[in-house]
Amino acid sequence: MPLSMGERRRSWSCPLGRRGERRSGCFPRRGDAAHDRLDGVMRRDENCGASRELAISAIIPAFNEEGRIGRVVSEAKRRVDEVLVINDHSSDGTALEAERAGARVLSNQCEKGYVGSIRTGFHHASGDILVTLDADGEHDPADISRLIRPIVSGKADVVLGRRPSIPRPSERAINWVARRRVPHIHDTGTGYRALRGDVMSRLRLIGRCTCGTFVLEAVARGARCAEIPVRIRPPATTKRRTVQWGHGCQLLHVVRLALFGAGSPWAPSP
Ligand SMILES: Nc1nc2c(ncn2[C@@H]2O[C@H](COP(=O)(O)OP(=O)(O)OP(=O)(O)O)[C@@H](O)[C@H]2O)c(=O)[nH]1
Ligand SMILES: [Mg+2]
């Protein structure tokens, strides 16, 4: 009987007892999809020097993504241990489509917006590594194992998926300011990221959205941030690009975080 998420989680300190059980027959052969997942998630446990499997959770905030979310969920499911869709009062069939594709769907009782939904996802996810990606199909789940590799190899705590280009002028302005503080990160507004579960618990997710503030807060709280290039796919069905009016206010949050860091009394609050 494969170990449940909770059991894997509880084995964080010393999995030796369980590894034997797990090894028999549950490690896929090289070449099949699950192998890609496995390839990046074995890690030497400092406590007992044994390699053990890390659990990965995908968190997908969704608002009216019927016709797009099913494909994202089924592709993600092949690469992670748990897929959480945070549905925010979608008026279409987003929740049902995600459930049918195998996701655990959490429907917010009240509208929480993107940041609030990410927070809900962080709260309910049980993975050692958390991956956030969008529901509209722009982020390719095939990039997940590359995204988590720097974390598994202990080189980073947070990895951002760098898009080939930043679509909105407002996002580019925010990015320019944020990069004064984190010049090694080229795309501070991407929604495709991986982070260690224990880093997530230290983040308050300051700001109206996560553009700029996510990485600035993570760095301010001591996380080592890295980035890898990712592909951006056209959404499966056409989608109207919205003006992010909140970016004006977001810019203020980014300026204050860039100037004062997350700990100072001048720092913006969530
Ligand atoms: N739960 C929740 N998800 C949201 C909300 N607004 C957007 N999303 C989801 O957040 C992700 C990013 O939103 P998008 O509208 O794609 O934002 P974007 O990628 O910057 O914009 P586009 O370039 O137009 O795709 C998608 O998966 C949306 O479904 C919201 O209010 N609540
Ligand atoms: Mg999008």
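Predicted model: local features only at pLDDT ≥ 70, side-chain atom pairs only at ≥ 80, totals over all residues.
Trainee: What does the secondary structure of the protein chain come to?

Mentor: There are 11 helices and 9 strands. The protein chain has 270 residues, and 53% of them count as buried.

Trainee: And how much accessible surface does the chain have?

Mentor: About 12,800 Å², with 53% of that belonging to carbon and sulfur atoms.

Trainee: What share of the contacts with a separation of 6 or more comes from residues 24 or more positions apart?

Mentor: In this chain, such pairs account for 72% of those contacts.

Trainee: Is Asp136 buried or exposed?

Mentor: Asp136 counts as buried because its relative accessibility is 4%, and the cut-off is under 20%. Glu138 is buried too, with a relative accessible area of 16%.

Trainee: On to packing. How many residues are in the largest nonpolar core?

Mentor: It has 33 residues, and Phe122, Val158 and Leu195 have the most contacts inside it. Several elements each supply at least two residues of this core, including strand S4 (82-87), helix H6 (113-124), strand S7 (158-162) and helix H8 (169-181). Helix H9 (197-200), helix H10 (213-220) and helix H11 (247-260) are also among them.

Trainee: Which of those gives the largest share?

Mentor: H10, with 4 residues of this core.

Trainee: What does Phe122 touch?

Mentor: Leaving out residues up to four places away in sequence, Phe122 touches Ile59, Leu130, Thr132, Leu195, Met200, Leu205 and Phe214. Apart from that core lies another, of 31 residues, among them Ala101, Val105, Ile129 and Leu147.

Trainee: Back to H11. Why does its span agree with what a helix should give?

Mentor: H11 has 14 residues, so at 1.5 Å a residue it should span 20 Å, and its end C-alpha atoms are 19 Å apart.

Trainee: Which residues of H11 are buried?

Mentor: His247, Gln250, His253, Val254, Leu257 and Ala258. They cover an arc of only 130° around the axis, so they sit on the same side of H11.

Trainee: Why would residues spaced like that point the same way?

Mentor: An α-helix has 3.6 residues a turn, so residues three or four places apart point the same way.

Trainee: What covers the buried residues of H11, and which exposed residues are on the face turned away?

Mentor: The cover includes H8 and H10. The face turned away from the buried side carries the exposed residues Leu252 and Leu259.

Trainee: What comes just after H11?

Mentor: Gly261, which takes a positive phi of about 75°.

Conventions:
Residues numbered from 1 in each chain as written. Chains lettered and ligands numbered in written order. Heavy atoms only, no water. Buried < 20%, exposed > 50% of the residue type's maximum accessible area, 1.4 Å probe, protein only. Core = buried A, V, L, I, M, F, W, Y, C linked by side-chain atoms within 4.5 Å. Contact = heavy atoms within 4.5 Å. Expected span 1.5 Å × (residues − 1). Arc of directions from axis to C-beta. Areas by Shrake-Rupley, 256 points an atom, 1.4 Å probe, with all protein chains shown as cover.
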